[in-house]
Amino acid sequence: MRALLRNSFEAISLKAIEAPYNRGHHIFATFVACATFLLIIAGALVTSNDAGLSIPDWPTSFGSFSVPVLHGGVKYEWSHRAIAGTIVLLTVSIAIWTWSIERRRWMRWLGIAALGTVIVQAILGGLTVLLFQPPWVSSAHAAVAQTFFCIAVTIAVFTGRRWVEEQPRVEFDSRKPSLFTLALLSIFVLYVQLILGAMFRHHGMSWWPHVANSVVVAFVLCWTAVRTLAVYSEIEAVRRPAILMLALLIAQLCLGFTAFITRVAWGKHSVQPELPMVISTVSHVAVGALLLATTAILAIQVWRHVPVAFEERVPQAETNASAA
Amino acid sequence: MNTKSSWMSTTIGVLALCALLLSAACSKKENTEQSTNAPTEQAAPAPAATPIDPATVATVSGTVKFDGAAPKAAKIDMSQDPACKGTNEAENVVVDSGDLANVFVYVKDGLGNRTFDVPKDPVELEQKGCQYHPHVLGVMTGQTVEIKNADQTTHNIHPTPKDNREWNESQPPSTAPLEKTFAREEIMLPVKCNQHPWMKMYVNVVKSPFFAVTDKSGKYEIKGLPPGDYTIAFVHEKLGEQDQKVTVAPKDSKTVDASFKAGMGE
């Protein structure tokens, strides 16, 4: 005999420890996330302007740490390095701050994870320059960038008043696949899409795998959003990221089409990166980062508000004993 | 125990990445030092050149045409660097009255195991008006390419070869020429400047001195060819390659023309 046991989400450590809301910490975490988004745009500008190797050395720029003459591709590459250096300092600060004030142990480690990720990202950026942009290194640099952005956004969410102080409304999910599974699947297909797009941008792969996978991404994300809005629309914490995810998906598909036209069709014979291609491609990367971060937030909120109800097999003898 | 081992594996991973970065940085530094003092790539010492009787040598010359309406030269936007004041037209397909410039013509086959002396004089590659001059260059393996910067801006020279070693060096204004060599044969080896993304040229590295680049009137001339049967290759950066067979007798002077059409090479 089976007994349906509802797993009380309250037992999970993510919410078990009460943490006081720290406004300054939250504002700083939000600032780090916004600055990281700016860094992603700066990185996309470097790639789109074909300026990745305009400064041939690393970590110095033309043998020095001072500001070089910012002409041509150098202005994109050096600005990217300057913002990246600032982000490293901001991440060290947020990691130390989080470690010193957070009661939630997992939050302290999330700060350390952010620091580790940004260090790996800096090393990948250096390798990209020193090894002349091998596609796998440059693509890893692009993927880790968005991973770091997601971590920065989640730190901002976890330090927010809403997360810290709310009593979450919980509805158990007994459907298959569960909404949480769908949200994780959405993150997975977005990561695959991110890597395929980066490999194309860095000349390691043709454009068609990225375009073909966009159909899969659209299907999985629509499924996730429709399930969320159809069944759990009353839970604001999951409804809002689901709507945003859907809106970003539509925008991203339009931008992807525009980027394809300007880069692959029109830009095939261009002698230099042209403005329509740069704008559409950079926007495509930026909205892609927002889409991945929004999907990660949706997954986290689904985990919190729509936990999976699971059936646990109870031995027959125990069931009989309790019945008696 | 688990925490300790995960810390150890994380530390080892970070150290491994640091070591990789350090080794890449060190090799880069070595390369840079090497390039400023000596040629980048030293070809293996060449065996003694096979003697050629100057009394019997032949000449192959001709004109390369572009068949059809000439494509309009693409405009270059140099506004991102005020120091760039060159002609703002791309040189990827240069056609004048049906004559096609910048075609690399070389003896692809027929020289057998002959070896040739590498010229001691360097070939010159100049960056002027934020464009490369010449746009297409021929050089023998091991021959020095002297790279000059005549602009009042910094360029970087970045060959992206398939068979030779890749390098990327900056060259500020009014600095000494860079001296480079290429060790292996490679046709249409792209060279670009990442600071000025429209700047692109092609180096062609061959083992024999029998090559030429078509001028603005589409003409080329290959002198000093020993009598024999040869395959002459005509290579254009966008329009691809055409091969033609030719037999030259002693003191012969043969004309071998070629023609490219729009859309070839795609």
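Buried means under 20% relative accessible area, exposed means over 50%, and partly exposed is in between, with a 1.4 Å probe and protein chains only. Keep that scale in mind.

Some ground rules. This is a predicted model, where local features need pLDDT of at least 70, side-chain atom pairs count only at pLDDT 80 or more, and totals for chains, interfaces and linings use all residues. Residues are numbered from 1 along each chain as its sequence is written, chains are lettered from A and ligands numbered from 1 in the order in which they are written, and side-chain values use heavy atoms, with hydrogens and water left out.

Salt bridges, then. The term covers a side-chain nitrogen of Lys or Arg within 4 Å of a carboxyl oxygen of Asp or Glu. How many are there over all chains? The search of the whole structure gives 18.

Start in chain A. Glu236(A) pairs with Arg240(A), with the closest N and O atoms 2.8 Å apart. Both sit in helix α9, residues 236–265, and they are 4 residues apart, about one turn of the helix. Helices here are DSSP runs of H or I, at least four residues; strands are runs of E, at least two; numbering goes from the N terminus. Glu236(A) is partly exposed, at 33% relative accessible area. Arg240(A) is partly exposed too, at 46%.

Now chain B. Asp99(B) and Lys65(B) form a salt bridge, 2.6 Å from N to O. Asp99(B) is in strand β3, residues 99–100, and Lys65(B) is in strand β1, residues 58–67, so the pair ties together parts 34 residues apart in sequence. Buried or exposed? Asp99(B) is buried, at 13%. Lys65(B) is partly exposed, at 38%.

Next pair: Glu124(B) and Lys148(B), 2.8 Å from N to O. Glu124(B) lies in strand β5, residues 123–128, and Lys148(B) in strand β8, residues 145–149; the pair links distant parts of the chain, 24 residues apart. Glu124(B) is partly exposed at 39%. Lys148(B) is partly exposed at 27%.

Last, back to chain A for a nonpolar patch. Trp207(A), Trp208(A) and Val211(A) form it on the surface, with about 310 Å² of accessible area together. Patch residues have over 30% relative accessible area and no salt bridge; nonpolar side chains (Val, Leu, Ile, Met, Phe, Trp, Tyr) are joined within 5 Å, like charges within 9 Å. Areas come from Shrake-Rupley with a 1.4 Å probe; for residues, only the protein chains shown count as cover. Trp208(A) is in helix α8, residues 208–231. At 54% relative accessibility, Trp208(A) counts as exposed.
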